[in-house]
Amino acid sequence: MTTGDAGSPVDPTPDPAGWRVLVAGLGVSGRAAAEVLTARGAHVVTVDARADDADVHDAEGASLDGVQLVVVSPGWRPDHPLLVRAEKAGIPVWGEVELAWRLRAPRDHGDGAGTPAPWLAVTGTNGKTTTVEMLASILTAAGLDAPAVGNVGDPVVRAATEPGHDVLAVELSSFQLHFTQSLSVLAGAVLNIAPDHLDWHGSLDAYAAAKGRIYEHAQVACVYNASDPRTERLVREADVVEGARAVGFTLGAPAPGQLGLVEDVLVDRAFHLPFDDPARHGSAAELGTLDDLAHLAGPGGTVAPHVVADALAAAALARAGGVPARAVRDGLRAFRAGGHRIETVATVDDVAYVDDSKATNAHAAAASLASFATGTVVWVAGGLAKGATFDELVERRSDRLRGVVLIGVDGAPLADALARHAPEIPVVRVDPGETGTVMTRAVAAARTLARPGDTVLLAPASASMDQFRSYAERGELFAGAARALAPAPGGAAGEGTVA
């Protein structure tokens with residue numbers, strides 16, 4: 001870590017009234033950015049090839065005459081011709097997150113004044129949503145108005161420009177972080193780094209560098225995964241505000257300056273005493289126990305290691321924000337995970353059907369399969385691979401598999417990895433042609449492979465956009481197909497072809 005100016009973070013941008021702003025992309029965040037800018041008096045032009053209400057459909061040829069700012073939605077690659085033209089013309093290109101940071105409103109609890117709400121931010125390949133929602137639960141238990149926003153919940157530009165919040169718990173993707181320049185979070189965490197979105201970023205190093213932008217100008221703490229050297233390296237390379245600290249989290253006993261586990265107790269050895277207190281190295285604060293996470297146990301009745309890691313990361317961010325230890329415990333007890341995360345949705349003929357549609361990459365799918373330490377799994381996988389490879393995943397987890405059902409239009413990378421490393425495992429390829437029935441056919445195929453006591457697990461290791469609107473729709477269709485199964489199939493064959 002290198003330290004810079006110890007002064008205040010970058011001041012909010014002056015009032016954009018009268019600016020001519022081009023908003024590129026009308027997804028959820030793009031629309032929110034356009035709404036906020038319009039409400040502040042900016043003249044907004046929108047471009048999106050797929051949106052009927054966009055002013056210009058040919059984004060590559062959109063005019064930049066008079067444009068003073070381009071706000072780009074997540075997912076637009078930086079080499080898009082429109083963005084390249086803007087940069088050559090000297091027009092700033094901000095993401096929605098950068099816009100949110102620049103336009104953030106001062107807190108106002110009735111006195112008409114105040115500084116903007118600080119941000120506690122989370123990124124990483126996996127676990128972002130669980131961690132940021134745990135963080136929001138902890139902050140709420142401390143009596144704070146602290147919504148989870150960004151890549152989950154409301155767009156961050158909308159939340160940041162509302163004056164009533166005490167603090168924002170912000171989930172950020174690599175796409176969002178790529179287009180930030182002045183972001184200065186109170187504390188930021190990178191949970192882990194594994195290959196993902198390589199088709200967008202071009203390399204693992206570029207992807208990691210985008211994640212690492214969360215640490216730039218951090219004010220209090222850079223929270224990293226002590227078992228993931230890449231996250232520690234990102235902290236070391238970050239330029240932070242003077243006084244900001246590196247704080248690791250670990251599933252083992254924590255060293256001074258870390259959070260971790262001592263037997264079944266979650267322990268803080270970073271924020272328990274003032275930094276200059278000589279007693280801090282020989283003491284710790286108890287934040288809770290594994291029993292406080294028992295309601296998050298998986299099908300085997302144990303809390304998965306990655307869930308514990310997420311809890312420790314959330315605790316570290318909350319403690320960096322000054323939250324007392326008791327609120328960490330109360331917040332973790334109150335937290336309830338969202339849907340499509342290792343959720344048993346049906347049991348038919350002594351076979352459990354488990355929806356983990358949120359496992360959208362190989363790293364997440366490996367953790368999902370690892371949750372089933374006993375019994376065997378029929379794995380429903382596939383979708384949009386995003387340039388990823390799956391050899392390590394198959395090598396590490398093939399011992400859990402009874403069979404595999406492949407869905408999606410991008411099935412070759414998974415099929416090839418299975419052929420190389422687990423040729424004895426039966427693989428059923430579901431024809432992707434009829435997307436409306438793909439999950440019904442996949443569940444039927446999985447049923448023919450499963451035996452009593454098995455688990456049929458949807459953990460796709462891939463994105464959903466090839467055949468579904470979202471990972472949530474994919475999970476809901478899987479759950480519906482599983483619940484629709486009649487008992488006692490009578491040997492009926494499912495659809496699909498055995499590879």
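**Close-up views of a predicted model**

**View 1. The crossing of helices H4 and H10 is right-handed.** Right-handed means that the near helix is turned clockwise from the far one by less than a right angle. This is a predicted model, where local features need pLDDT of at least 70, side-chain atom pairs count only at pLDDT 80 or more, and totals for chains, interfaces and linings use all residues. Residues are numbered from 1 along each chain as its sequence is written, and side-chain values use heavy atoms, with hydrogens and water left out. H4 (residues 128-141) and H10 (residues 305-320) pack at about 45°, their axes 8 Å apart.

View 2. The contact residues divide into 11 nonpolar, 2 polar and 1 charged.

**View 3. Trp 101 and Trp 119 form an edge-to-face aromatic pair.** Their rings are 5.1 Å centre to centre, with 85° between the planes. Rings pair if their centres lie within 6.5 Å, and planes over 60 degrees apart count as edge-to-face. Trp 101 lies in helix H3 and Trp 119 in strand S6, so the pair ties together parts 18 residues apart in sequence. At 3% relative accessibility, Trp 101 counts as buried (under 20%). Trp 119, at 1%, is buried too.

**View 4. Phe 175, Phe 179 and Trp 200 form one aromatic cluster.** The ring centres of Phe 179 and Trp 200 are 6.4 Å apart and their planes at 85°, so this pair is edge-to-face. Phe 179 is buried at 6% relative accessibility, and Trp 200 is buried at 9%.

Technical notes. Axes fitted to C-alpha atoms, helices over the stretch in contact; angles between N-to-C directions. Helix = DSSP H or I, 4+ residues; strand = E, 2+ residues; numbered from the N terminus. Nonpolar A, V, L, I, M, F, W, Y, C, P; charged D, E, K, R; others polar. Phe/Tyr/Trp six-rings, centres within 6.5 Å; stacked < 30°, edge-to-face > 60°. Buried < 20%, exposed > 50% of the residue type's maximum accessible area, 1.4 Å probe, protein only.
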